[in-house]
Amino acid sequence: MPLVVSMPVGGVILVALWLLLGPTALTAFAGVMHGYLAYDVLHYYIHKRPMRSRIGMYLRRHHLQHHYAAPERNFGVSTPFWDFVFRTTR
C-alpha cells in the first residue's frame with residue numbers, strides 16, 4: 001500500500017490504540033506495524049519473487065488461487081488460517 005494511504009491509516013490506528021490503552025499504545029502500535037510490515041513484505045514476495053521453500057510455495061499457490069482461479073476465496077496471504085475459520089478456502 002502506498003505511504004500516502006498507509007500513514008494516515010496508521011495514524012488512526014495509533015489514536016484508537018491510545019484512546020483504548022493509554023501510554024502502552026505505543027508498544028501495541030509497534031506490534032501492529034511489525035505485523036503489517038511482515039504481511040506486506042510476504043505479499044510482495046508472493047507476487048514478485050520465486051518462493052523456494054515448501055511453505056512459501058504452498059502460500060503462493062494458496063494466494064494466487066485467490067487472484068486467478070477463485071477471486072471470492074483464499075484471501076490469506078501470510079497464512080490460510082482465517083480462510084479455514086471463515087470457510088473461504090477452495
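Helices in this tour are DSSP runs of H or I with at least four residues, strands are runs of E with at least two, and both are numbered from the N terminus. The model is predicted, and for that reason local features need pLDDT of at least 70 and side-chain atom pairs count only at pLDDT 80 or more, while totals for chains, interfaces and linings use all residues. Residues are numbered from 1 along each chain as its sequence is written, and side-chain values use heavy atoms, with hydrogens and water left out.

Begin by selecting α3, residues 54-68. This helix has 15 residues and reaches 21 Å from its first C-alpha to its last, close to the 21 Å expected at 1.5 Å a residue, where the expected span is 1.5 Å times one less than the number of residues.

Next, colour G56, L59, H62, H63 and H66, which are the buried residues of α3; buried means under 20% relative accessible area, exposed over 50%, and partly exposed in between, with a 1.4 Å probe and protein chains only. They cover an arc of only 135° around the axis, which puts them on the same side of α3, the arc being that of the directions from the helix axis to the C-beta atoms. An α-helix has 3.6 residues a turn, so residues three or four places apart point the same way. On the face of α3 turned away from its buried side, look for the exposed residues R54 and Y68.

The axes of α2 and α3, which are lines fitted to C-alpha atoms over the stretch in contact, come within 10 Å and cross at roughly 80°. The two helices α2 and α3 are therefore roughly perpendicular to each other, a term for angles of 65 to 115 degrees, on a scale from 0 to 180 degrees between N-to-C directions. To see the contact (heavy atoms within 4.5 Å), select L42, H43, I46 and H47 of α2 together with L59, R60, H63, L64 and H67 of α3.

Then move to N74, in the loop between α3 and α4 (81-85). Is N74 buried or exposed? N74 is buried, with a relative accessible area of 0%, and a polar contact of 2.9 Å joins its side chain to that of Q65. A polar contact is a pair of N or O atoms within 3.5 Å; within protein, one must be able to donate a hydrogen and the other to accept it, and residues adjacent in sequence count only if both atoms are side-chain atoms.

Terms used
Angles under 35 degrees count as roughly parallel, over 145 as roughly antiparallel, 65 to 115 as roughly perpendicular and the rest as oblique.
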